Amino acid sequence: QARLMWPLLGLMRVALDLQTSQALFARIFEYVDLRPAIADAPNAHPANAAKLGRIEFDDVVFAYPDAGADARPTLKGVSFAIEPGQFAAFVGPSGAGKTTVSYLIPRFHDVTSGRILFAGDDVRELEQESLVANIGIVSQETYLFHATIAENLRYAKPGASDEELVFAAQAANIHDTIVSFPDGYDTVVGERGYRLSGGEKQRIAIARVLLKDPRVLILDEATSSLDSISERVVQDALDTASAGRTTIAIAHRLSTIVSADVIFVVDGGRIVERGSHAELAAAGGVYAGLYREQVSSAGA
Ligand code: ADP
Ligand code: MG
């Protein structure tokens with residue numbers, strides 16, 4: 001029993017550090033039951049600091065390990081490269097494989113074939129600690145622990161000063177809200193704690209990721225469960241958070257990604273279109289269709 005604790009605690013750290021959703025958190029634990037955690041290679045090394053922020057998929061095929069031997073792969077040969085500091089967007093229908101792409105970057109799973117390069121090296125050659133340290137995720141559903149807001153924030157940076165917490169919370173548009181709570185930063189949240197709105201939780205998640213200050217930020221439909229007013233506030237916080245780092249935004253609403261350096265349209269486990277908004281809108285393909293649909297429904 002005791003022997004099992006350390007790897008589990010290690011995974012909890014991974015989960016916390018990655019701003020993971022409750023669902024993903026649960027999935028990580030299920031995954032432990034199915035198979036031991038992916039172990040570092042014997043000669044694993046940290047990511048190359050000179051190339052941090054570069055991500056490349058090279059003909060990645062991926063089938064979920066629990067999907068059965070005869071299951072069709074979820075990703076069927078995905079290739080792309082994102083340069084340091086770029087803002088890349090992934091769009092496409094539900095079930096296309098966008099979240100799966102985001103799971104493979106921190107090596108939650110290993111590819112079936114092909115390879116994933118992080119800062120120029122195959123993720124299987126890297127220390128997972130280094131991947132975790134350099135990647136932050138804000139997803140649709142934020143997991144907050146039954147602990148104070150200050151403690152929830154410090155999961156991202158143990159030992160952060162009060163000033164650092166306030167600075168991150170201000171940048172995430174949540175400081176004023178926190179100080180309006182009865183116990184301020186000492187307000188206990190999470191299960192059976194002080195009830196926060198979806199937008200407040202998301203902004204705490206963003207403050208957490210700002211404290212962590214990762215070189216790669218993954219935003220997986222981070223605003224899709226919010227009403228349009230909190231969406232606006234959270235989107236502003238996300239724009240602040242993505243400045244100066246490689247950002248991968250999985251977008252529900254296309255209006256948030258029109259200025260992306262590159263947009264990848266995913267459908268059925270493949271990238272079916274890629275380019276800037278202007279290029280894709282002019283191409284008259286899948287993206288142009290999605291965009292026209294959203295513009296007309298927004299105008300209605
Ligand atoms: P998207 O984010 O584009 O909506 P996902 O990457 O979540 O798509 O899912 C792609 C496909 O992979 C879906 O068919 C989904 O059912 C499947 N899938 C997702 N997670 C798992 C899992 N843990 N095990 C098996 N199949 C999964
Ligand atoms: Mg998804």
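Two strands pair if DSSP finds at least two bridges between them. Helices (H or I, at least four residues) and strands (E, at least two) are DSSP runs, numbered from the N terminus.

This is a predicted model, in which local features need pLDDT of at least 70 and side-chain atom pairs count only at pLDDT 80 or more, while totals for chains, interfaces and linings use all residues. Residues are numbered from 1 along each chain as its sequence is written, and side-chain values use heavy atoms, without hydrogens and water.

**Exercise 1.** Find which residue of the hairpin of strand 4 and strand 5 takes a positive phi.

Solution. Step 1: strand 4 pairs with strand 5 (residues 121–122) in the antiparallel sense, over two bridges. Step 2: Leu 117 stands opposite Asp 122 in strand 5. Step 3: two residues lie between the strands of this hairpin, and Ala 119 has the positive phi, near 55°.

**Exercise 2.** Classify the ring pair of Phe 57 and Phe 80.

Solution. Step 1: rings of Phe, Tyr and Trp (its six-membered ring) pair if their centres lie within 6.5 Å; planes under 30 degrees apart count as stacked, over 60 as edge-to-face and the rest as tilted. Step 2: the search of the whole structure finds nine aromatic pairs. Step 3: the centres of Phe 57 and Phe 80 are 4.5 Å apart and the planes are at 20°, so this pair is stacked.

Notes. Chains lettered and ligands numbered in written order.
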